[in-house]
Amino acid sequence: MSIEMTLPLGGAINPGQHRLSRVQIVNWGTFHGLHDLSVDRAGTLVTGHPGVGKSTLFDAMGHVFFATPRLNESANDAATREDRRTTFSYMRGRQFKTSEGTVYQRPGATWSAIILSYEDGMGNTVTAGAVFDLPDAGLEGQVSKHYLLCEGKVDIAELENHGPRRFTVSSLSKALAPTEAFDTHKAFIERLRRRLGVESDKAFALLRTLQNGKGLAKGVNQFFRHEVLEEPATLKAAAAAVEDFAHLRGIYRQLDTARAQRDALAEVPQQDLAYRQLAKKITETRHLLDSDVQALEAQVRQLVMRNDLSSHQSELAALQIEEGELRARKERLDDQLQSLEAAHDSAGSASLMLLEREADVARKALSEKENALRALRQQATDAGLSFEFSATGLDELRANAARTLQQLSSITHDAQTVEYEAMASLVNLRKRAETLAEQIRSYQRRASNIDDRSIAARRAIASACSLSEDQLPFAGELMDVSADSSTWRLAAEKALHSLARTLLVPGDLLGQVTHAIDQLDGLGRVRWIDISQQPKAGTAGPADLVTKLDFAPGDAGNWLKSKITADYPLACVDNDAAMHVHPKAITPAGTMKTGAGTFERDTRGLPASEYLLGFTNESKISELQSKAVRLEEKIAQAQASADERGRRQEQGGCQVAAAQGDHCRRAQLQPIGFFPGFGSVAAWRAEAWRCPVALG
């Protein structure tokens, strides 16, 4: 470069002289990923403690100017070979020691790049760089090197879209067009030297020496030999040979890849042939299934049906023969029957048969009367009646039976009424037990003390808003009575009962929740509060109700504490007399003074099963279970009482049935001779048939 090109021009610094203006580094040593550094035209000082990466940066720049650069000399003077820096070690990055051994920062397939941009101060830019890549599990000898030269600016970040394949001259030229790519350093550096106007290639070596500041450490002779004097031709030939072998190494690598592809595809034709043969067999088999099997199935069905038809025809013929024989036999028997009837009629048997029938009826009636007498004695005894078996005794029996029947009917009706009442009470107790058991199971499925209806309402609201139930807590779920203030449990429950069922809604969810509740029906009374609106300021006294409570951590718990402090400033006093010295107060029994001269108390009982405050519901479940045990005892007592009343009603029914049987038994006894007045069998028969029980 001539001296005229380096003279100052206006305010520019050495216009026409190419100076480094930008350094881009990717995956180099500890520089992981892309790093873009700007260099001032007036000069940039790189300083820092040892190990921060100064030499790493200059070693990267050396890879652009030299095929085999001399790397960080202090690191290469190390005692062990493993600690020396190489292109491979820079690409892998920092080493980490783990329990499984030493692990590199970039252990898999990776790539590295160093891009240097030079500006001449007149708007022209020349960009040169080196790109390296390693395959997965690649070793030091598998590092691939390529070099880039471009008239203009280059952004190396565009190589992120290159894909997983290794770099080639064509792929780099295409990805970074109009950049020119080289796979040998010799051709690249010669083109770069001419473009920058550098007349001697010693200039790059001298630049390296000046950058690392260690050129004279080994003496002036070494400095001039390596940095100033021309290199012997033999060394140049050796370097050229190294470059040629590097090119041949790349060709060999491509050849090795092609061989592996050939070996992998060698069995494809044979496998394709086998596949086609199997496909043909499958097609033939399917054709057989679709055609021949169906035809064979139809033939088998026809054969079976023919065999069944032949068998049925044989059976039908045998049955027809048997039917003809039976018809003939029936005709013969009919003829014999007609002959016998004619002979019987001619012999005068009709009159004899009538007398025999009347005698049988008389004997049967006598036997029934005797049985009725025995039954009447037994029924009179069962009904508690005593009488003499005579005409007067029978009338007395009839009167006593009527009175006893009326009394027993009244007693039976009363017993039935009591039994129905006992059964109704038992059914009611069982329904209460089922409801209580379902309530216990409901509380066991959750940790909240809030009642089932309020929980169901919150579940519907949260579902309509696509929220979780935890985002809409009840006030009662966020506070509990302190362990050392258990005597104030009843008072706190009564005072805060309404607030405990109130939903605490964050301000950003208020509109969504309000819209959902406005659209829903059947939820009961729902109350909600915007907790983004802070309660009015208040200070709790040392004995106020809020000091007896614990609150859940978080914004909602803090808001609730402030709310109770401001709106429930109730001083906790031991008795009603102490209430008069405070503006507002509350006793352990729940009596509250809410203002000057205003008092109130809910005198209704509040068992533990109806408590709403608490972080858990263990005490409520225990109370409900105790209540269930007491209810089961009541059910057992009611069942025993109902069984006893049923037995009594059954005994009364038996006595009523015995008394009701008296009239019919009396009618049966009259014709036998206990009461005169029947002079003929016909008269007795007429009276006997008036009682349907006697003759069935």
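In this predicted model, serine 466 is found in the loop that runs between helix H13 (452–465) and strand S9 (479–481). Although serine 466 is not a glycine, its phi is positive, at about 60 degrees, and with a relative accessibility of 68% the residue counts as exposed. A positive phi is also assigned to asparagine 27, likewise not a glycine, with a value of about 50 degrees; asparagine 27, however, is placed in strand S1 (residues 19–28) and counts as buried, its relative accessibility being 10%.

A further backbone feature concerns the peptide bond from alanine 177 to proline 178, which is cis, with omega near 10 degrees. Proline 178 belongs to the loop between helix H4 (169–175) and strand S8 (180–182).

Alanine 433 lies in helix H12 (residues 391–444) and is classed as buried because its relative accessible area, 13%, is under the 20% limit. When neighbours within four places in sequence are left aside, the contacts of alanine 433 are with Leu631, Glu632 and Ile635. The C-alpha atoms of alanine 433 and leucine 631 are separated by 6.5 Å, while the two residues stand 198 residues apart along the chain.

Terms used: Residues numbered from 1 in each chain as written. Predicted model: local features only at pLDDT ≥ 70, side-chain atom pairs only at ≥ 80, totals over all residues. Heavy atoms only, no water. Helix = DSSP H or I, 4+ residues; strand = E, 2+ residues; numbered from the N terminus. Buried < 20%, exposed > 50% of the residue type's maximum accessible area, 1.4 Å probe, protein only. Contact = heavy atoms within 4.5 Å.
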